Amino acid sequence: MSKVEELVPAAPAQTQRTRVLVADDQADVREALRLLLKAEGYLAETVSNPAALLEALQSNEFDVVLMDLNYQRDTTSGQEGIDLLSQIRAMDSKLPVVVMTAWGSVELAVEAMRRGARDFLQKPWDNQRLLTILRTQVDLYRTIRRAERLEAENNLLRAHNRPVFIAESKAIQPLLTLMSRIGPSDANVLITGDHGTGKEVVAQTLHALSARASRPMVTVNTGGLPEGTFESELFGHVKGAFTDARADRVGRFELADHATLFLDEIANVPLKQQAKLLRVLETGEMERVGSSKTRKVNVRVLSATNADLKQESAEGRFRSDLLFRLNTVELHIPPLRERREDIPLLASHFLKMYAERYRKQVKGFETAAMQRMLDHPWPGNVRELDHSIERAVLMSTLSQIQVSDLGLESDKAGSAKIEEMSLEDVELLLIKKALARHSGNISHAAEALGLSRSALYRRMEKYGL
Ligand SMILES: Nc1ncnc2c1ncn2[C@@H]1O[C@H](COP(=O)(O)OP(=O)(O)OP(=O)(O)O)[C@@H](O)[C@H]1O
Ligand SMILES: [Mg+2]
């Protein structure tokens with residue numbers, strides 16, 4: 001042993017060692033291979049017949065199999081070994097198998113390779129050649145397994161970043177059914193629902209269900225584009241098309257080619273621009289601003305609005321032909337107050353997310369807090385629930401969220417006229433509002449209320465906040 005090798009830790013961790021399964025019906029062959037492999041640092045297990053080999057594969061992990069093709073002494077056809085090879089492939093199609101054949105039976109070796117053996121050795125074998133073959137096969141196998149693991153991890157990461165659409169209520173079942181049916185299609189979908197009901201989450205889910213999912217969904221807030229930038233944003237421009245166009249620009253439609261384009265707040269698109277949208281939706285053709293070259297795009301369009309587009313169209317503010325292109329299918333998301341059974345599931349989802357983010361040991365909701373959430377009208381829908389729970393997690397001092405952590409105005413305080421409230425109720429209301437506005441930051445809330453931090457603390461204690 002050279003000096004360098006002596007410095008290397010003698011026995012690598014058990015899991016790191018290469019495991020070889022040796023199958024041969026001759027005891028002297030098994031023994032010779034066992035000694036050779038052991039000397040090379042391998043962990044070798046030996047078996048004498050096909051049944052034992054399959055059993056060993058069932059109960060242990062191996063990096064490579066080295067097997068003889070003949071087991072019954074009186075036959076040399078190798079058929080038994082070939083059958084065994086197929087059985088091994090069926091159990092694990094990637095595990096490398098190296099076969100040993102009698103000297104001169106090249107045809108059998110070829111047949112074995114055709115059946116999936118990775119390499120072959122002729123008996124009597126050459127030790128160096130045997131070791132080289134094993135090393136090569138094991139390295140290859142490990143590389144494949146590593147790549148597979150990486151890919152699985154990437155898939156998980158991708159799935160992890162994707163928002164999940166959480167829903168179990170009866171009221172939302174028809175929506176779920178429609179989503180699973182049209183998600184995979186190329187149909188244009190118009191998603192409607194009040195503020196914060198989850199229109200964007202639905203769009204992302206539809207995209208994720210489709211064959212276009214390997215590319216990212218491109219989102220445009222069509223309602224929020226400043227005058228004059230609409231066309232350039234959506235269709236791109238060429239250098240010099242207008243004063244500020246210093247370089248070519250790719251528009252969102254081109255970016256979303258072979259993917260999905262999500263047009264948010266679609267009702268806010270001015271009539272003039274609606275005509276431009278209509279053309280690309282009808283023909284799949286568009287030009288960059290300042291260019292006469294027509295480009296073809298293959299884009300699935302999802303759009304969302306909280307307006308009543310039929311009404312808008314009846315009143316002449318939205319082109320009916322555009323509406324017709326956009327709403328091949330229309331998905332309506334009911335407001336949260338019409339599907340209260342979803343509240344516990346959504347609440348737990350947000351609780352877990354924020355407890356992790358803010359490293360808080362909050363595990364659940366006190367019964368009264370859950371009841372309070374079930375009773376709340378949620379005018380801001382799921383987004384409001386999301387924000388309330390983020391705040392509650394920040395505020396919480398116990399392992400369960402309390403009613404006071406939620407910071408939901410009591411319905412009484414919310415609807416009662418201030419003149420009819422007691423001074424204490426008004427004070428409580430103002431403190432809650434200030435805390436909610438400043439996300440539970442006591443210093444900021446105190447400053448906004450014109451109180452010292454300690455004065456605010458005293459009042460919070462008094463009201464059990
Ligand atoms: N079913 C759901 N499951 C999980 N999270 C949801 C669900 N619905 C909404 N959310 C969350 O609530 C918030 C609001 O959702 P989203 O932005 O999709 O609503 P929206 O309908 O597009 O609202 P707006 O009309 O204001 O644009 C987001 O943080 C989203 O992740
Ligand atoms: Mg939205």
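Helices (H or I, at least four residues) and strands (E, at least two) are DSSP runs, numbered from the N terminus.

This is a predicted model, in which local features need pLDDT of at least 70, side-chain atom pairs count only at pLDDT 80 or more, and totals for chains, interfaces and linings use all residues. Residues are numbered from 1 along each chain as its sequence is written, and side-chain values use heavy atoms, with hydrogens and water left out.

Within α20 (residues 442–449), I noted Ile442, Ala445 and Ala446 as buried, that is, under 20% relative accessible area (1.4 Å probe, protein chains only). Seen down the axis of α20, the buried residues fall within an arc of 100°, so they line one face of the helix; the arc is that of the directions from the helix axis to the C-beta atoms. Just after α20, I found Gly450 with a positive phi of about 75°.

Next, the sheet. I read it as open, with five strands in the order β7-β10-β13-β6-β14 and parallel pairing; two strands pair if DSSP finds at least two bridges between them. β7 (218–221) and β14 (329–332) are at the edges with a single partner strand each, so one side of each has no neighbour in the sheet.

I then checked β10 (residues 260–264) against β13 (residues 300–305): they run parallel and are joined by four bridges. Leu261 has Val301 in β13 as its bridge partner.

Notes: Chains are lettered from A and ligands numbered from 1 in the order in which they are written. Buried means under 20% relative accessible area, exposed over 50%, partly exposed in between (1.4 Å probe, protein chains only).
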